[in-house]
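Let's walk through this model together, one neighbourhood at a time. Keep the viewer open and follow along as the names come up.

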Amino acid sequence: MRDWRYRLGEHRGTLLALVFFVLMFAIYAGDHPAGFTANVVQTAANKGVLLALVAMAQTFVVLTAGIDLSVGMVLVLTNCLASWIALGSPVMVVLGAVGVLLTGAVCGAISGAIVIYGRLQPIVTTIATGAIYFGIALALRPVPGGDVDSDLADAFTGRVFGMIPASLVALLVVVLLIWVPFRHSQIGRAAYAVGSSPAAAYMSGVPVRTASFLVYVLSGLLAAIGGLFLTFITASGEASAANAGSYTLFSIAAVVLGGVSLFGGSGSAIGAIFGALMFRTIGDLLFVFDLDPLWQPLFQGVVLLAAVCLGSVRLFQIRNRLDLFE
Amino acid sequence: MSVVAAITRSALWRKIDPAVATAFCCIALLLFLGSLYSSSFLSPEYLLQQLKVASFLGVIATGMMLVILLGQIDLSVPWVVAVGGMMSTAATGWGPVGEALAIPFGILCGVGLGIVNGFGVAYLRLPSMIITLAVNAVAQGLMVVHTGGFSPQDSSSAAMRFIATGHTLLGIPNALIVWGVVGGATIFLLTRTTFGRAIYGIGNRERAAYLSGVRTQRAVLVTFAIAGGLSAFGGILLAGYASKAAQAMGDAYLLPSIAAVVLGGASILGGRGTYIGTVAGVILITLLQSILSVIQIEEAGRQIIYGAVIIAMLLLYGRQRREA
């Protein structure tokens, strides 16, 4: 373990996010009127896991120095779809859930194909595909409504062994089944390489295009898991433009707070998860301190602004003025 | 024969950007398709009305274009627009002096937020996507506290209504004249001043611009301040048009303003793009939205067609060069 310095540096962002989250959550739970009970944790976990899933979706793309501004729209689309098809007999429910996840992956694949093989900029492309996905969501649910299999919903939003929130277990399973294999696969390494330097990755024979394309598919898949989860929580489908937009923006905020570089090539989905949980806790902190809820958006904004300004600490390490402009 | 050759070789021909030409062709095509549905699409009243509606997006997209030319992006547009509208209507409620200063005050608030954006990008070297997102959140928080805590006036002043909805000479809408003035100033700024050269230079390569003696950090700060002021001014026009300001009034302008700039042939990576292209993009998007709603396609269908058309047009002329 002589390379511990290097390893620590590599995971610094993730560890910082973890520490900040634990601190904030301790203050939150400590000052909560009901105290640190299983109920408080369960409610907080359900809200946090939803954003964590969307933040993970964003992470995949951001690692390759891309950006997916359609994650919120895929979330809303899959939410509306799930409120139609995740119903009925157990077989139907399972088929429905699989269908929802496949839809998300297809949405991601379409965006990815246009960005990678159509050679368009990710920002504009995902704005446009996002509009399409939102339109489909609106066609599915012109007015909020629908339902979801309640047994399944309870299983995912309830508690395991009466203590641990099931949503956290579900998130852990998602991490173990999707993130860990991805990180240790050839495609995962390629995604990091593309994010660090596309030219060097290409010269080293890394499958640049395959990796850049697959991250969009994974992003769509993760957003669909989020959409399914949203349906479990609300037990209905709603094509809300405000929801779609804010989940997209929150996912970027969570990714940044979680130490993932928007320039690509560094950070991890684990960091993004803690970033998301931290972002949710920030919003809830004021509520605990019994301040006027009117101040909540401003407080959230100022904390976000302060947190992103911390990113400029690296300026102190710059020796040559020219390095500013890279 | 030789005349054609002379024209194609002339400087004027070469100056025409194929992307801008395609955008104008798309506008003509849209109008043609619309006129097949109803001849009223070609009536002067309809076209003037569209240009009036387009001028709100036009003013906002001008600021977005300046920022995109730098190779940055401004995601704080939604709430800076709302700040412009809401602060100017609030100032209107402060009595005669407030009413007289409502428009400059609203713009000034936008410039202030733009300066925060610019400081973060230029001096703190934060990615513009993050810092403008954070400023957007702060602006939203400020406005929520402002409306909830002080219940300010939300109806706009006579002057605001005049510049947004009035007509002066020859029945030309005032909003269009305002956009014309803003656009003329921007063209002058971009093509005839050293500041304009600096914007293109920074967008191409900030390092090179710095080494050539441009004070790049100050230029970036000023550009973001201008963009903030223009977004707020767009909000003031919108508040005048709707005769009141509302919290979510800017939400519908972020994505169209980016799309308009990019459809106008500007590179989202910075350093390349003309104002005439942005004008084409703004008109194109406004016409598209208007025609889709006139032929009574539902909101769902409108969104799908809107997104598909943007992608189709970008695939037509917005593709990047193949790498390696």
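A:A190 sits in helix α9 of chain A, which covers residues 186-196; helices here are DSSP runs of H or I with at least four residues, strands are runs of E with at least two, and both are numbered from the N terminus. This is a predicted model, in which local features need pLDDT of at least 70, side-chain atom pairs count only at pLDDT 80 or more, and totals for chains, interfaces and linings use all residues. Residues are numbered from 1 along each chain as its sequence is written, while chains are lettered from A and ligands numbered from 1 in the order in which they are written.

Is A:A190 buried or exposed? It is buried, because 23 other C-beta atoms lie within 10 Å; the label buried takes 20 or more such atoms within 10 Å, exposed takes 12 or fewer, partly exposed is in between, and the C-beta atoms are placed from the backbone. Setting aside residues up to four places away in sequence, A:A190 touches A:A201, A:V206, A:P207, A:V208 and A:A211. Contact means that the C-beta atoms of two residues, placed from the backbone, lie within 7 Å. A:V217 is 27 residues from A:A190 along the chain, and their C-alpha atoms are separated by 15 Å.

Now move to A:P165, in strand β2 (residues 164-165) of chain A. A:P165 also counts as buried, because it has 23 C-beta neighbours inside 10 Å. Beyond its neighbours within four places in sequence, A:P165 is in contact with A:V41, A:Q42, A:A45, A:N46 and A:R159. Of these, take A:N46: 119 residues separate it from A:P165 in sequence, yet the C-alpha atoms are 7.8 Å apart in space.

The axes of α3 (residues 38-63) and α8 (residues 166-183) of chain A come within 9 Å and cross at roughly 20°. Each axis is a line fitted to C-alpha atoms over the stretch in contact, and angles run from 0 to 180 degrees between N-to-C directions. The two helices are therefore roughly parallel, given that angles under 35 degrees count as roughly parallel, over 145 as roughly antiparallel, 65 to 115 as roughly perpendicular and the rest as oblique. Their crossing is left-handed, a term for the near helix being turned anticlockwise from the far one by less than a right angle, with clockwise giving right-handed. From α3(A), A:A45, A:N46, A:V49, A:A52 and A:M56 meet A:S167, A:L168, A:L171 and A:W179 of α8(A). By class, this contact has seven nonpolar, two polar and no charged residues; Ala, Val, Leu, Ile, Met, Phe, Trp, Tyr, Cys and Pro count as nonpolar, Asp, Glu, Lys and Arg as charged, and the others, Gly among them, as polar.

Another pair to look at is α13 (residues 269-288) and α14 of chain A, whose axes come within 9 Å and cross at roughly 135°. That angle makes α13(A) oblique to α14(A), and the crossing is right-handed. A:I282, A:G283 and A:L286 of α13(A) make the contact with A:Q296, A:F299, A:Q300 and A:V303 of α14(A).

Finally, turn to the partner chain: 46 residues of chain A are in contact with 48 residues of chain B. On chain A, α6 (122-140), α10 (198-203), α12 (241-257) and α14 (296-309) each supply at least two residues of the side touching chain B. The most come from α6(A), with 13 residues.
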